[in-house]
Amino acid sequence: MTRTAPGDAAVPAAPVAGNTDVDQNHRVRPAGLRPLWLLGGVVAVVVAVIVGLAFGPVTLPPGSVAAEVLNLLPGVHIHSGLTDREVAIVTELRLPRVVLGLLVGAMLAVAGAAYQGVFRNPLADPHLLGVAAGAGLGVTAVVATRTTTGDATSNLPIGVPLAAFVGAVTAVALTWLLGAAGGRSRTPATLILAGVAVSAFLSAVQTYLMQRHVDSLREVYSWLLGRLATAGWHDVLLVLPYAAVTCAIVLAHRRELDVLTVGDEEATSLGLHPQRSRYLLLVAASLGTAAAVSVSGLIGFVGIIVPHTLRLLAGASYRSILPLSLLFGGAFLAFTDLTARTIAGPAEIPIGVVTAFLGAPFFVLVLRNSRWVSP
Amino acid sequence: MTAAIAARALTVRLGGNVVVDGVDLDVADGEWVTVIGPNGAGKSTALRAIGGLLPFDGRVELHGTAVDRLPRRRRAMIVATVAQTPVVPPGMQVLDYVLLGRTPYIRPLGRESESDLATVDDVLGELDLEAFAGRRLDTLSGGERQRVFLARALAQGARILLLDEPTSALDIGHQQEVLELVDRLRAERGLTVLTTMHDLSTAGEYADRMVLLSGGRVAAAGTPREVLTERLLAAHYRVRVRIIEGGQGPLVVPVRTENVPP
């Protein structure tokens with residue numbers, strides 16, 4: 001008899017692996033990133049950027065916007081036909097916002113996929129594990145207690161991502177410990193319940209902090225609702241190093257995440273140090289989540305929607321899921337942001353509301369199809 | 001013959017309980033030894049400890065090197081373990097599953113080389129699994145899966161094979177098929193095989209020697225004819241059996257207590 005591994009709730013019941021193909025000698029090729037999927041991811045990012053820059057309260061011709069984006073490259077001079085004011089809208093207002101959306105989406109999706117691999121749990125997501133709440137508490141603590149006044153959210157102090165990271169790592173450690181308290185009877189759902197409890201506790205602490213510092217309530221709320229609207233290049237530069245470290249560590253471990261799907265003991269028998277890999281990946285994923293949360297506020301479900309869709313379409317190997325999550329996660333959030341700022345125009349709705357509307361039904365779908373959530 | 005496996009005073013504690021208690025066990029190079037014993041006797045635990053997967057007291061040497069001193073990757077090149085209930089990762093194709101066996105040969109954060117792929121191709125061919133390479137593991141039957149589990153272990157290139165209840169989920173035909181396969185591979189590749197098994201007759205047909213564990217201790221060790229006796233099995237399994245001489249070894253036939261004439 002064999003156990004079915006946690007890992008993949010949404011894989012179709014087709015007899016042939018989703019990412020299977022053969023080489024010129026008709027040999028089956030091992031799982032990995034296929035060039036067509038890579039191309040698809042790059043196209044999705046390019047389209048998201050152009051569309052994200054072209055549409056908004058002022059609609060601009062996508063072709064002209066594309067030309068203006070190319071003009072940003074050294075040595076390129078194309079007449080885009082846009083006025084100076086329209087060029088400013090593209091390069092100064094919308095571009096940092098779109099780039100930040102790409103970075104945040106990429107990190108949330110990569111972190112979600114990493115958490116799912118580390119915990120061997122399809123429901124693992126930065127928000128459901130309490131990581132985002134921990135990061136949120138860290139940001140709130142810095143924003144609420146800092147002594148300077150002014151526009152706190154448009155120019156976040158450099159220490160904010162670090163505070164968010166400390167909060168995120170504390171939260172994931174608490175969730176893990178609480179989830180493990182069930183001993184042998186614990187299930188993937190136990191971990192999520194632990195995450196819900198940790199989230200509730202940390203949110204309560206956050207509320208307490210906000211109540212104690214009412215003078216900074218506006219800044220904190222503005223951040224909580226998602227602040228891509230006020231994104232500037234400062235935010236992009238603030239988050240970029242964290243994104244680079246997170247993505248480098250997680251992507252470098254994509255084969256090890258595949259090995260971890262057979263469980264710790266079998267992975268050990270294959271020569272791996274599962275705990276060592278797990279700690280490193282948890283820290284990296286939490287760092288990425290913290291950086292994303294510190295500049296964008298609380299945006300949920302990206303870490304579930306993107307990796308699961310890719311798992312369904314491009315195969316179950318983390319060697320394809322992780323790099324594709326990077327590309328499609330970024331494109332997904334850039335499109336979602338576009339929806340958030342145009343669907344109820346001229347007013348904007350918080351981006352977290354849009355991802356929740358998409359993510360909640362998706363979560364139910366994953367839960368229904370998951371063969372290993374019930375005890 | 002040199003000892004491939006040598007365990008001395010092997011003791012394993014799980015949750016504060018002594019599960020394996022001072023076990024001495026030797027397996028010669030190229031030998032097939034099967035550990036038998038009632039449920040809870042410590043068979044699987046002993047096997048996992050010998051494979052370096054559990055902390056233990058005492059000493060376990062694989063080809064003369066203490067297992068707990070071997071770096072993990074080096075250890076995985078020496079000993080391959082097939083668990084009693086291997087995890088089947090959903091959606092993983094057979095080729096990728098067997099490639100996991102090459103993990104000890106791939107540098108950390110690296111990827112498979114052409115040589116790793118060639119090794120796996122050879123193993124799939126040897127186990128007649130080429131047609132399954134692109135199939136999803138979770139769609140295969142029990143017998144097919146067991147061959148894939150063996151293929152992953154063989155891809156490790158280890159000369160010691162630890163098999164925990166390799167036939168427990170298989171029908172009698174597939175049991176025989178898998179054990180014949182292990183025996184053929186043992187002969188062709190010079191493997192040393194240590195298994196645990198519940199089916200005593202089948203175990204006796206394939207093993208060179210048997211070790212009977214009871215209460216975590218070695219109750220008997222020797223050839224199948226020396227271990228599979230009515231007296232020993234009655235004492236440790238609390239069952240009445242008849243031993244019948246078979247072609248390859250003694251056959252153990254359980255007998256209902258109330259039907260047995262006094």
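Okay, so Phe119(A): at 15% relative accessibility, this residue counts as buried, because the cut-off for buried is under 20%. Keep in mind that we're looking at a predicted model here.

What does the ring of Phe119(A) pair with? With Trp176(A): the ring centres are 5.9 Å apart and the planes sit at 85°, so this one is edge-to-face.

Now, Trp176(A) itself. Buried or exposed, or something in between? Its relative accessible area is 21%, so Trp176(A) is partly exposed.

And Trp176(A) has another aromatic partner, Tyr279(A). Here the centres are 5.7 Å apart with 55° between the planes, and that pair is tilted. Again we're linking distant parts of the chain: Trp176(A) in helix H5 and Tyr279(A) in helix H11, residues 274-296 of chain A, 103 residues apart. Tyr279(A) comes out at 48% relative accessibility, so that residue counts as partly exposed too.

Which residues make up the aromatic cluster? Tyr115(A), Phe119(A), Trp176(A) and Tyr279(A) form one cluster. Over all chains, the count of aromatic pairs comes to six.

One last thing, over in chain B. What sits over the ring of Tyr105(B)? That's the charged end of Arg102(B), 4.0 Å from the ring centre.

Definitions and conventions. Residues numbered from 1 in each chain as written. Chains lettered and ligands numbered in written order. Predicted model: local features only at pLDDT ≥ 70, side-chain atom pairs only at ≥ 80, totals over all residues. Heavy atoms only, no water. Phe/Tyr/Trp six-rings, centres within 6.5 Å; stacked < 30°, edge-to-face > 60°. Buried < 20%, exposed > 50% of the residue type's maximum accessible area, 1.4 Å probe, protein only. Helix = DSSP H or I, 4+ residues; strand = E, 2+ residues; numbered from the N terminus. Lys NZ or Arg CZ within 6 Å of the ring centre and 35° of its normal.
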